[in-house]
Amino acid sequence: MGITFDGEGAMRIRRFGSLAGVLWCTACGGGGDGGTVTPPPENRVLTRTAGDQQTGVVGAAVAIVPRVKVATTSGAAVTGVQVSFAVTGGGGSVGQSTGTTDGAGEATPGSWSLGAAPGANVLVASVAGTTPASVTFTATAMTGPPAQVVKLAGDHQQAVVQTSVAIRPSVRVSDQFNNPVAGASVTFAVSSGGGTVADASQVTGSDGVATVGGWTLGAVGANSLEATVTGSAAAAVVFTATGDELLFSPAADTSVAGTIRVTRVVIPAGRTVTATAAVTIIVDSVASIAGTLRGTCVPITLVSRQSITITGSLDNSCAAADDNAPALRVIAGTGYTMTNATIASTGEIDITNDTTLTDAEFPAISSGRRRGVRSSSPGTSPALAVANPICVIGGGTYAITPDTARKGNSGRHGSPGGSGRHARISCRGDLVIAGGTIRAQHGGSGGDGLDDSNRPADASGGDGGPGGDVRIRATGVLSIGGASIRSGNGGSGGNAAAIGQVGLIGTRGTDANARGGDGAEGGIFDLRAGLEVQFEASTPLVVGRGGHGGAATALAANGSPAGAQAAQDGGHGTAEGGEGGSTRDKQLRAINVLNPHLAQVSGGSAGNGGVADAMAGNGGVPDKAFPRGGHGGQVNAIGGDGGDAQLRDVNGGLLGLGGDGGWASFSGAKGAAGWTNLCTLPDGFVPGGNGGNGGVASGHDGVGGSGSSNGQPGGVFVAASTGNAGTGGQGEPNGATGTVSDQITRTGQRTNAVPAGFSRGTPFPCVNVQPRSLDVPYPPNTLCGSPSLVKPISVGNFGAEPVTATITRVDPAGIFAAIFVFDAANANAPFTSGVFPVGNVNTGLGPRPNAMPICGGHVPPGFYCIRVEVSLGPTSKVARIPWRVREQAVPRDENADIAACAGIP
């Protein structure tokens, strides 16, 4: 017999062997008679085992498939039970609607895909006869990745170019079920028309919308803007807009300033546009200037994204040379055509179609020899060989103005002259220059140095400024026919004049030292092409020369005459001319040049050395108490060396001439004659005074510079007998004569006559002349015939009696004298003045004799004589004062009409 339980919990008893039946017992208990036994029943329980409270993307299956378990109350798994699965919220779906529990009592729907809308999803699993009868699974559906991009607003608009469209373009980003995607990155970019966008990178909001910050149209006509979603395979959407033209074409003269953005520029012939401040004109398409665009000393920049045509003028030049003058820039995107145009600037001129061009883009030339030069016959037609150039210069003028840079400031030490500005023309592509003038600026001269003092007078001229370059570039073919191209000359050195003043009694004459400024190097022209340089007609190419050295004039003062002390020695005079400017140590080299014989290269010579003109002071005049005459001061003059012409042609030969050396000019430094007394009662005959020694004269002229022909050496011009000694005074016995010395060396000629063409550089005006003795503060301009400037004259204290002072300036040739009378008894009395012929002078005190001999009958070159006579009752005091002035005549002319200075302040 065996005992088992069926699926309902009833016990079965089965007899084996001969027993043929089965006895069922549904409620077995004690004391039975062997019938059916029934055990107590157990409940079945339904539970969730996996897959509840998940998050997923709309339309996608959850990561964990929901799972339920059917078990008895005691925990025994119940197999073979059917479980129903049904979606009750969110609109999703399951893989199968029913499932059967496995050996573990578990069942699943196979899969659970969430609905198409974001939000809550619900799945219910149910089993009949279980507790509970069903269980619920929940899941949250999230928006999917960006899958769609659509335009919301801002398409098909119209606006003026360089302005923003009225409606900012916006897009909506959604997933595959058209749910808006928040947080998606959208990039807006101009795809055509050349406009601009503001705040191009945007992020979608909760509604899936992103809007660009702004869209400014570029070109006239079609413009487009693309919107792209990062990380999405969706195609970019394109917004279109039409740009309307913004034309700048004044119907009358007008003014502009600042940045101007327009579509097109047309300045008609006869119209003038004036820039009142810095102006930049940016043109979207083309610019055409037949009229005038100008602005005095303000920056002007013209930029076109396409082409520029100029048949009129662009001018931003200043009223005078200016170191800070702004440049004039013309930038054409595709190319430019300038026909008989006038381009003028005090700053640099820059014409190009590509601002990124550099020298590195052009072939390097490693050797000093001309390479690859091709030449056609001299009879070749001058027609330009380039068929379709994109850059054309067809006549006109392209020049820095004023032609010369700023002159240095004058003072005790002159400042340097301004640097010459460059002219630059370049083209990415072929460039044709068919006629016209291209001119860089000359360097400015150095300022003049002037020192007129009773301390050691020391003056120097400023150096000249370098000349400007002409630089022409083309990455393709550079074709030149008939144009005139000139780089700037170097500026000359400033002149220097040191003029010592006679000091008080008992002082040696004031020394004077002067040095002229050096000349500067000239500019060069630099023509480069990426393919070939063609000369199609005769083309003058003028290289700037070096500047000349400045002249130096040193005029030392005479020693003071004997008085309370012995007569003093004259001051020393030293003058050194400035050196001439050299040309650059460069070589004109070329690759692939066609018709080189048509390039007429000239210039490149070096500057001449400056003249040195030195005069030492004469010894002071003796008197009875101190009979020896003063010694003359030493004089030293050194002419400036000529500059070297170092620029070489394509074959390595020197191109220009070396500068000539400067002359050295000496005026004798004389010892004074000894005092003479032949017979003066009551002394009788007394010994004569010894004459002073002549000053030592030393120095030399300048050496000529090297070049294709070396410069000539200067010369030595002895303007007066150099180093003359004073004669001995007559007496018992006569005084001894002083000694003389001459140590002048020279490389050129020596002459005692004014050499032909001799020049001392730029003369000084007749101004700021001061008296040399007796502490007489004399109005400077009266020497030039301007009697309106008057001031008192102090000649000393003669007590309470009236004093009349008469000052007579006598021209050495006896042309005229200027008379000034002052009554010391009336300090506020004005001067009476006039210009009278010598020999007919009347001061109101009676006629005066011809005053020519008042300086002992000899007036040194460069000096005039002042007679100061102070009358006190029956006595008078007379002083003879050498008066040195700056001459206007070159070379020195002692007979010059100084009256020509009248009125110069």
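**Entry 1: disulfides**

I start my notebook with a definition: a disulfide is a pair of cysteine sulfur atoms within 2.5 Å. I keep in mind that I am looking at a predicted model.

How many disulfides does the count come to by this rule? I find two disulfides.

**Entry 2: Cys 391 and Cys 427**

I looked up the sulfur atoms of Cys 391 and Cys 427, and they lie 2.1 Å apart, so by the 2.5 Å cut-off the pair is a disulfide. I then traced where the partners sit: Cys 391 is in strand β37, residues 391-400, and Cys 427 is in strand β38, residues 423-427. The two cysteines are 36 residues apart, and their pair links distant parts of the chain.

Next I checked the torsion about the S-S bond of Cys 391 and Cys 427. It is about 75°, so I note this disulfide as right-handed.

Are these cysteines buried or exposed? Cys 391 has 0% relative accessibility and counts as buried. Cys 427 is buried too, with a relative accessible area of 0%.

**Entry 3: Cys 297 and Cys 318**

I moved on to the disulfide that joins Cys 297 to Cys 318, where the S to S distance is 2.0 Å.

Cys 297 is partly exposed, at a relative accessible area of 26%, whereas Cys 318 counts as buried at 10%. The cut-off I needed is that buried means under 20%.

**Entry 4: rings**

How many aromatic pairs does the structure hold? I noted zero. I did find a charge by a ring, though: the charged end of Lys 151 sits over the ring of Phe 239, 6.0 Å from its centre.

**Entry 5: a sheet**

Last, I followed an open sheet of seven strands with parallel pairing. I read its order as β41-β46-β51-β55-β57-β59-β61. Which strands are at the edges? They are β41 (449-453) and β61 (750-751), and each pairs on one side only.

I zoomed in on strand β55, residues 612-615, and strand β57, residues 664-667, which pair in the parallel sense over four bridges. There I saw Asp 613 standing opposite Ser 665 in β57.

Notes:
Residues are numbered from 1 along each chain as its sequence is written. This is a predicted model: local features need pLDDT of at least 70, side-chain atom pairs count only at pLDDT 80 or more; totals for chains, interfaces and linings use all residues. Side-chain values use heavy atoms; hydrogens and water are left out. Rings of Phe, Tyr and Trp (its six-membered ring) pair if their centres lie within 6.5 Å; planes under 30 degrees apart count as stacked, over 60 as edge-to-face and the rest as tilted. A charge sits over a ring if NZ of Lys or CZ of Arg is within 6 Å of the ring centre and within 35 degrees of the ring normal. Buried means under 20% relative accessible area, exposed over 50%, partly exposed in between (1.4 Å probe, protein chains only). Two strands pair if DSSP finds at least two bridges between them.
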